[in-house]
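Morning, everyone. Let's take a quick walk through one model together. Have a look at the screen.

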Amino acid sequence: MNKTSQAGTIQVPKDRMKRRRRQQRRGLVASYLFVLPYLCLLLMFGVIPVIYAFGMSFFDTISGVFWGITNYKMAFQDYRLEEAIYNIIGFVALWVSVTIIVVTGLSLMLDILSRRVATTIRTIYFLPGAITSSAIVVLWLFLVDPLVSPFQAVFHMFGWEARQHVVNGLGMVSLFAIMSFFAHSGGWIIVMGGALSGLSREVMEASRVDGANLWQQAVYVKLPMIWKSVALMGILTLAGGLQIFVEPQLMGMAGPQYARSDWSVNQLAFQYAFSMGDFGISAALSTMLITVSVTIALILIFATKFYQVK
Amino acid sequence: MSKKRKGSFSVSRFAVYSMLGFGLIFYGVPLLWLFVAGTRSQVSLFSDPVFTIGTWAQAKETWHDLTSYNDFQILNWAKNSVIYSLGGVSLSLATAIPAGYALAVTEFPGRKSILVLTLIAMITPSQAIVLPIFLELLALGLNNTYLGLILATGFFPFGIYLSYVFFSSSLPKGVMDSARVDGCNRFQLFIHIALPLAKPVIALVAFFSFLANWSNYFLAFVLLSSEKLFNLPLGLTALINSSGALENQAANDIPIRMPEAIQAAIVVVAPVLVVFLMAQRYVRTGMLAGAEKG
């Protein structure tokens, strides 16, 4: 059967082959037409801005002269950059470790509850994800004000009576880590819930029969099976954390004493472009941030199997 | 032996429940407080117990102060938010669905490069590229326009990825093949076969694109300089900065104080909350698709 059909293909008449080639060409054109609108946006808001900023970072943009890596040198001579780098390293270290420990812990705990209860709790954990960007900072500026906060009893225990005490007591790094954790961890708890529910029932049953209690099951059976999701969460949280901008930028809403316009690297890049009109240094800082982010993305795509391109 | 084990068991159960309960307080109380506090007066916020519920009249008065302030400014911002979101969502759908389809079911030179670039753009946090996009749009004269922000937010690589994953895994090959045999060309195939099947992924992309657009702060902040063009997240901060509503001893007559700031925050947050609760299924599917291999 197979043989005859193969023989059939060999004897395709010439005009039929031509027709097929024409069809293929038409198919190709169609594919490009489908992709074209997206391709335009991809070039305009993905590829070209990066190349443009990269090119600009080698120019004195105020007088329009090429001057090599001077912008990078000047950026590193700015004492604020070193401080900003320490700030974001501290923030990222805290946010990533708290996310890994608490999200994994809560997810494993939720996994022993009945499905319906767990789903309800996950939804509540996830709701703060609706509060994003500026609203999250507004909400937290209320939450850290002992005069109005629902957590005022906790603050009083530490002897913090005013917002300034709480902000100083926690420190900016922890405050931003708490805000970010509050908004983003719920989504990850849902992801982990998905990963856990995908684990084989037989393995769970077998470990139970072997006498593992819930604690042992969580730590020795489930955790090793979801560690890849945990790693992905850590890496994506790290990539996002390096770009922090909104939280420090908006602290000034509570008054000038809280305003920090150069706390993170992104803020510094913004400062150079908007307060000093020096797009070259701004572009240099952006290029450095993008390089780190794209490197992380490339590692995830090519060195791991999280995203597969078939 | 077995009795002792059962005992320690319930202690650890108790520990688990209390930690989960602690989680409920951490995630739930701030939201609950926000909605309750929006009904209270400035004085009540400071002097009454934290979960006191205010009055309907008070909430209405606050709402009136908020909306009428500065010539109904916040309503204009809300209108802008709707325009940006509608524009951004439509553009991302119009580009993502056909592109995802072509990337999934056809083979053409450059396909792999587009996929890899899309993944890089998707994994790279959107904040990383805000300033370069600003520099580019400034050169094009598109900063501080509706069009500039809509075009920039219409680029939604996560949508392409979702659409690509959907069409790679959910299009029945048999249906496609028989339609092709029946003489459908590529466009007919897409419009009559693929698109009607794609409703779930259209909803999914629209959902995530809406979330990204509605809460867009950093890009809007950098691109938009005139208050008339602000969206709600930007307007919220402009409102608070100009009135000093969050500084406890704001000394001015501006009717924007804490209750108004709280209601303004609710206006920013509420549409997303409603969409979240209505579309939980999509949230779950999309997050799993985004975080795990397709």
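How many helices and how many strands are there in chain A? Chain A has 14 helices and two strands. Keep in mind that this is a predicted model.

Now the overall shape. Chain A has 310 residues, and a compact globule of that length would have a radius of gyration near 19 Å. Chain A comes out at 27 Å. Look along the principal axes: the C-alpha trace of chain A spans about 90 × 75 × 30 Å.

What about the inside? In chain A, 42% of the 310 residues count as buried. Next, take the contacts in chain A between residues at least 6 apart in sequence. Of those, 66% join residues at least 24 apart.

Let's zoom in on one helix. Helix α5 of chain A runs over residues 115–126, twelve residues in total. From first C-alpha to last, α5(A) reaches 16 Å, close to the 16 Å expected at 1.5 Å a residue.

Which residues of α5(A) are buried? They are A118(A), I121(A), R122(A), Y125(A) and F126(A).

Last stop, chain B. Its domain assignment gives domain 1, residues 2–37, and domain 2, residues 73–291. How far apart are the C-alpha centres of these two domains of chain B? They lie 36 Å apart.

Key:
Residues are numbered from 1 along each chain as its sequence is written. Chains are lettered from A and ligands numbered from 1 in the order in which they are written. This is a predicted model: local features need pLDDT of at least 70, side-chain atom pairs count only at pLDDT 80 or more; totals for chains, interfaces and linings use all residues. Domain bounds come from an automatic or database domain assignment. Helices (H or I, at least four residues) and strands (E, at least two) are DSSP runs, numbered from the N terminus. The radius of gyration is taken over C-alpha atoms; the globule rule is 2.2 Å times the number of residues to the power 0.38. A residue is buried if 20 or more other C-beta atoms lie within 10 Å of its own, exposed if 12 or fewer, and partly exposed in between; C-beta atoms are placed from the backbone. Two residues are in contact if their C-beta atoms, placed from the backbone, lie within 7 Å. The expected span of a helix is 1.5 Å times one less than its number of residues.
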